[in-house]
Amino acid sequence: MFGTESSLSMFLNTLTPKFYVALTGTSSLISGLILIFEWWYFRKYGTSFIEQVSVSHLRPLLGGVDSNSPSSSNASNGEADSSRQSVSECKVWRNPLNLFRGAEYNRYTWVTGREPLTYYDMNLSAQDHQTFFTCDSDHLRPADAIMQKAWRERNPQARISAAHEALELEDCATAYILLAEEEATTIMEAERLFKQALKAGEGCYRRTQQLQHHGTQYEAQHRRDTNVLVYIKRRLAMCSRKLGRTREAVKMMRDLMKEFPLLSMFNIHENLLESLLELQNYADVQAVLAKYDDISLPKSATICYTAALLKARAVSDKFSPEAASRRGLSTAEMNAVEAIHRAVEFNPHVPKYLLEMKSLILPPEHILKRGDSEAIAYAFFHLQHWKRVEGALNLLHCTWEGTFRMIPYPLEKGHLFYPYPICTETADRELLPTVFHEVSVYPKKELPFFILFTAGLCSFTAMLALLTHQFPELMGVFAKAFLSTLFAPLNFIMEKVESILPSSLWHQLTRI
C-alpha cells in the first residue's frame with residue numbers, strides 16, 4: 001500500500017508544467033468540438049444529441065418507456081398534414097373590427113398626442129378604398145370622379161373637402177362613407193352619415209343590378225356598388241354594437257351574411273362572434289364556429305381562441321391545478337387544454353395580452369394573422385369576454401406555456417398548423433406604432449442543458465490552459481494539491497481496509 005502511495009506521489013512530482021498545459025489544452029479542444037457538434041445538432045434537429053441518446057438508448061435499459069411512439073406521433077400530426085395551406089406567409093388582412101378613424105383614432109390622438117396608426121397601415125387602407133369603392137367607369141359620373149381622386153389624397157383635410165364637393169353635385173354613397181369614417185367625431189354622428197350613405201348606396205345598387213349583364217362596364221359598376229353596400233351595412237351594424245344595441249347589431253350582421261354569402265373577404269362572422277359573446281349567447285357562438293372553424297377555411301385568432309374559450313367555460317369554474325396534478329385531467333379538461341394549446345400555437349402573442357402581462361394599445365386597421373397585430377386586435381375586443389367566464393383566465397394562465405413543449409423546433413416544422421412564419425416581426429413593426437409599443441416576438445425555445453454545460457466546460461478548461469501557460473509553477477502546485485485532495489478519500493479507505501484485512505491476505509491481493 002505504501003509502495004502504491006510513494007509511486008503515485010513520485011508520478012505527480014515528475015509531471016512538468018508542459019504536461020498540465022497539454023492536458024488542459026486538449027480538454028478545452030475536446031469540449032469545444034463537443035460544443036460545436038451539439039450546437040449544430042440542436043440548430044438542425046431541435047434537440048440535444050447527448051439528451052436524445054440518453055432518452056433513446058439509456059432510458060429503455062433503465063426500464064423507462066419512450067412516450068413518443070410512432071402511433072402517437074402519427075396521430076398528433078394527422079391534422080398538421082391535412083391543414084397545410086399554400087398561403088402567403090405574411091399576407092396582411094383588413095381588421096374586421098377596425099375602429100373609426102375620426103371618432104376613435106383621432107380622439108386618441110387629441111388626448112394623448114400620439115399617432116395610433118402608422119403610415120404603412122393608412123396607406124394599405126387607402127389602397128383598400130381604391131379597390132372596393134372605385135371602378136374604371138367612375139369618370140362617367142362627376143361625383144364618383146371626384147371621389148376617385150379623394151381616395152388617393154394623403155392629406156385628410158383634402159379628402160374631406162373633396163367629399164363635400166362631391167355631395168354638392170349629388171348624393172354620393174362613398175362621399176358619405178369618407179365623412180363618416182374621418183370627419184365624424186362621435187359614433188352617433190358616424191351612424192347618421194352611414195344611414196345617408198345607405199340610402200344613396202341602395203339606389204345605385206338597384207340600378208346597376210338591373211344593368212349588370214349589359215356589358216363589362218356595368219358589371220364592374222355593380223361589383224363596386226355591391227362592395228359599397230356591404231361595407232355600409234357592416235359599419236352600421238358596428239355602430240349599433242358600439243352604441244349598446246347589440247341585438248340589433250346581431251340581426252343586421254345575420255341579414256348581411258344571408259344577403260351576400262359569398263363576400264367572405266370582410267370576415268363579418270368575426271363581428272358576429274364578438275357580438276354574440278357580448279350577449280353571452282354561447283349556443284349561437286358554437287353554431288357559428290361549427291360553420292367557420294372548418295379545416296378547409298382560413299383560421300384566425302378569433303376562431304381559435306373563441307373555440308378555446310367555449311371549451312374552457314365548461315370546466316374553468318371548478319378547475320384547480322393542484323387537484324388536476326393529483327388526479328389527472330378529466331376528458332373535458334383535456335379537451336379545454338388541447339383547445340388552448342391549439343389557439344396558442346396559431347397565435348402565441350395573445351395570452352400575454354389576455355393575462356394583462358403586456359399593455360394593450362389601439363388595434364391597427366390591418367392585421368397580420370398569427371402576428372402581434374392580430375393578437376392586439378383580438379385581445380382589445382375579447383378580453384372582457386374572457387374575464388366574464390369564471391376561471392377561464394386562470395386555466396389559460398396554467399396551461400398556455402405548455403404549448404411550446406409540443407411545437408417542434410426549428411419553427412419551420414408545424415404541429416397543428418402550417419409552420420409559423422418567420423417574417424411576422426418585420427411586418428408587425430410596419431403595422432404597429434413602435435414608438436410607444438414593444439412588438440411581441442415568437443417565444444424562442446430555451447437551449448438544452450448539455451449545450452450550456454459543454455459551453456461552460458469548454459470555457460473553464462480554456463481558462464485553465466491559459467493560466468497554466470502563463471503561471472506554470474503556481475498552477476503545478478495547485479494541480480498537485482487538487483489531485484492530492486481528490487485521492488485523499490481513496491487513501492483513507494485503503495488504509496481502513498488494510499487495517500482490517502490480515503497482512504498476508506492483503507499481500508496476496510496486491511500481487512494479483
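**Notebook: cores and rings**

A residue counts as buried when its relative accessible area is under 20%, as exposed when over 50%, and as partly exposed in between, using a 1.4 Å probe and protein chains only. I am working with a predicted model, where local features need pLDDT of at least 70, side-chain atom pairs count only at pLDDT 80 or more, and totals for chains, interfaces and linings use all residues. Residues are numbered from 1 along each chain as its sequence is written, and side-chain values use heavy atoms, with hydrogens and water left out.

**Entry 1: H129**

I began with H129: buried or exposed? Its relative accessible area is 11%, so H129 is buried. I found H129 in helix α7, residues 119-133; helices are DSSP runs of H or I with at least four residues, numbered from the N terminus. I then listed its contacts (heavy atoms within 4.5 Å). Not counting residues up to four places away in sequence, H129 touches R94, T134 and W151.

**Entry 2: the nonpolar cores**

Next I looked up nonpolar cores, which are sets of buried Ala, Val, Leu, Ile, Met, Phe, Trp, Tyr and Cys residues joined through side-chain atoms within 4.5 Å. The largest has 92 residues, and M147, I177, F194, I232, Y305, L354 and W386 have the most contacts inside it. Helix α16 (residues 301-313) gives this core its largest share, 9 residues. Another core lies apart from it, with 6 residues, including L99, Y105, L117 and F381.

I also picked out Y305 and asked which residues it is in contact with. Leaving aside neighbours within four places in sequence, I noted A343, V344, N347, V350, P351, L354, Y378 and W386.

**Entry 3: ring pairs**

Rings of Phe, Tyr and Trp (its six-membered ring) pair if their centres lie within 6.5 Å; planes under 30 degrees apart count as stacked, over 60 as edge-to-face and the rest as tilted. Searching the whole structure, I got 6 aromatic pairs. One of them is Y205 with F260, edge-to-face at 6.1 Å centre to centre and 80 degrees between the planes. This pair links distant parts of the chain, 55 residues apart: Y205 sits in helix α11 (residues 187-211), and F260 in the loop between α13 (246-259) and α14 (268-278). Both Y205 and F260 are buried.

Why is the pair of F380 and F381 edge-to-face? Their ring centres are 5.0 Å apart and their planes are at 75 degrees, so the pair counts as edge-to-face. I noted that F380 is partly exposed at 31% relative accessibility, while F381 is buried at 11%.

Note on methods: Helix = DSSP H or I, 4+ residues; strand = E, 2+ residues; numbered from the N terminus.
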